Each structure stands twice: as structure tokens, then as C-alpha cells.
Amino acid sequence: MSALPPKEMRAMRQSAAHASQPLGSLAQRWEDLHASSAQLAKIAALSPEEFSGDIAAFPHLLGRANEWQRDMAWQGIEDIDAMMRPGLSALGTITARGQDASAPALALWREFHQARQAVLGLVQPGAEASAA
């Protein structure tokens, strides 16, 4: 018997099912997160970030990564998504009230960048050597 409500158990099962999906699905989630980051940048009064360099190369890096690296990257993307969705929702509520949301948006932006760097670090060349 689970201590979690049925709705949360379904969400966990769906999340686990996604982990075994092909690389294209993981790459799509990565792109979706960056679409959300563009919204966040706007709220934080920052210019949107270009989808280039290592960020755009993520699908290629995934293709060259080991299974454990892909699994960890999937979990990292799930964690970023779990942070971004409620964060953007809260920021939307703040702006709907006519309040300035730039300071909390900037804090979320920084958290996003740190988490994204951690995920990128998992799949970049040399990550396997540092994990050994």
C-alpha cells in the first residue's frame, strides 16, 4: 500500500515510463524547458538566451552518452521541470496581481541555469572519466 495519493502515484508511473523512451523524447523535453526559460527571461527582464552551442548540441551529446548518463540526464530534466512549472505559475500569479516579479524570476533563472549546467555536465565528453 502506498502512502501517496492515487494521482501522485499515476504521475510517478508516467514519469518512470518516460525514462525508457527514446532519445528524441528526452531531447524534446530539453527544448521544451528552454521554451519555458524564454518566458522566464521575459518576466526577469532579461533578453532571451540563444539556443546554440552546448545547449543545442544536447541531443548529439545524449546520443554519445552511456545509459547511466542518459538516465541521470532524464532525472535532471524532470527535476528542472518540477522546479520551472510551479515557479512560472507563481510568477504568473504575481504579475497578474500587478506586482513586480523580476526579483523572484531572476532567482528562478539562476536556479535553472545551475541545474541545466549540471545536466549538461553529465553528458559532456569526460563526464564518464570524472564519475569513475
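Arg116 is found in helix H6, where helices (H or I, at least four residues) and strands (E, at least two) are DSSP runs numbered from the N terminus. The structure is a predicted model, in which local features need pLDDT of at least 70, side-chain atom pairs count only at pLDDT 80 or more, and totals for chains, interfaces and linings use all residues. Residues are numbered from 1 along each chain as its sequence is written, and side-chain values use heavy atoms, with hydrogens and water left out.

The secondary structure of the chain comes to seven helices and zero strands, and from the N terminus on the elements run α-α-α-α-α-α-α. The mean pLDDT (the predictor's confidence in each residue, from 0 to 100) is 84 for the chain, with 78% of the residues at 70 or more. Confidence is highest in H6 (residues 102-123), at a mean of 95, and lowest in helix H7 (residues 127-131), at 51. Of the 132 residues of the chain, 30% count as buried; buried means under 20% relative accessible area, exposed over 50% and partly exposed in between (1.4 Å probe, protein chains only).

H6 has 22 residues and spans 32 Å from its first C-alpha to its last, close to the expected 32 Å. The expected span of a helix is 1.5 Å times one less than its number of residues. The buried residues of H6 are Ala105, Leu108, Trp109, Phe112, His113, Arg116, Val119, Leu120 and Val123. They cover an arc of only 145° around the axis, which puts them on the same side of H6; the arc is that of the directions from the helix axis to the C-beta atoms. An α-helix has 3.6 residues a turn, so residues three or four places apart point the same way. On the other side of H6, Ala103, Arg110 and Gln114 are exposed. Arg116 is buried because its relative accessible area is 3%. The C-alpha atom of Arg116 is separated by 8.9 Å from that of Ile55, and the two residues are 61 residues apart along the chain.

Helix H5 (residues 67-96) packs with H6 at an angle of about 170°, and the two axes are 9 Å apart. That angle makes H5 roughly antiparallel to H6. By class, the contact of H5 with H6 has 18 nonpolar, three polar and two charged residues. Axes here are lines fitted to C-alpha atoms, for helices over the stretch in contact, and angles run from 0 to 180 degrees between N-to-C directions. Angles under 35 degrees count as roughly parallel, over 145 as roughly antiparallel, 65 to 115 as roughly perpendicular and the rest as oblique. Ala, Val, Leu, Ile, Met, Phe, Trp, Tyr, Cys and Pro count as nonpolar, Asp, Glu, Lys and Arg as charged, and the others, Gly among them, as polar.

H5 has 30 residues and reaches 43 Å from its first C-alpha to its last, close to the 44 Å expected. Its buried residues include Trp74, Ile77, Glu78, Asp81, Met84 and Leu88. Glu78 counts as buried because its relative accessibility is 16%. The C-alpha atoms of Glu78 and Leu26, 52 residues apart along the chain, are separated by 9.9 Å. H5 is followed by Gly98, which has a positive phi near 85°.

A positive phi, of about 65°, is also found at Ala45, although Ala45 is not a glycine. Ala45 lies in the loop between helix H2 (23-43) and helix H3 (53-56), and counts as exposed at 66% relative accessibility.
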